[in-house]
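Please open the structure in your viewer and keep the selection panel at hand.

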Amino acid sequence: HGLTWKQLFFETYLQIRLEEFEEPKDDLGELLECVTACQDYIFTLTIRELRSHLDIEQVCNLLPNLTKLDMTYGIKKCGMEYVRMMFGMKISERGLHFHSDY
């Protein structure tokens, strides 16, 4: 985490916010405000489970310093609440591309 407590805090905080985000229950605008507030300290983002089919490109476009993204679509330990749509990417998400200025 860049050896700074701020970077560690903001990367972990944003990871938790993204992992716990569920549409339509949670407000996307509020989440994007959070991303904007954290943007200067986010270089690496690890998402272990993504509960909703959030437009991750919209989030990443707000993170100019993002150099590494490690993401898993799906939900861990769902038990009897299994729903097929919780797992994998949608066809519309397969075209997600990230661009570099280098």
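This is a predicted model: local features need pLDDT of at least 70, side-chain atom pairs count only at pLDDT 80 or more; totals for chains, interfaces and linings use all residues.

Residues are numbered from 1 along each chain as its sequence is written, and side-chain values use heavy atoms, with hydrogens and water left out.

Next, switch to a cartoon view, where the protein chain shows 3 helices and 2 strands (DSSP runs of H or I with at least four residues, and of E with at least two, numbered from the N terminus), in the order α-α-β-α-β from the N terminus on.

Now select residues 5–20, helix α1, together with residues 28–38, helix α2, whose axes come within 10 Å and cross at roughly 165 degrees (the axes are lines fitted to C-alpha atoms over the stretch in contact, and angles run from 0 to 180 degrees between N-to-C directions). The two helices, α1 and α2, are therefore roughly antiparallel to each other, a term for angles over 145 degrees.

Show side chains to see what makes this contact (heavy atoms within 4.5 Å): Phe10, Tyr13, Leu14, Arg17 and Leu18 come from α1, and Glu30, Leu31, Cys34, Val35 and Cys38 from α2. Coloured by type, the residues of this contact of α1 with α2 divide into 8 nonpolar, no polar and 2 charged, with Asp, Glu, Lys and Arg counted as charged, Ala, Val, Leu, Ile, Met, Phe, Trp, Tyr, Cys and Pro as nonpolar, and the others, Gly among them, as polar.

Note on methods:
Angles under 35 degrees count as roughly parallel, over 145 as roughly antiparallel, 65 to 115 as roughly perpendicular and the rest as oblique.
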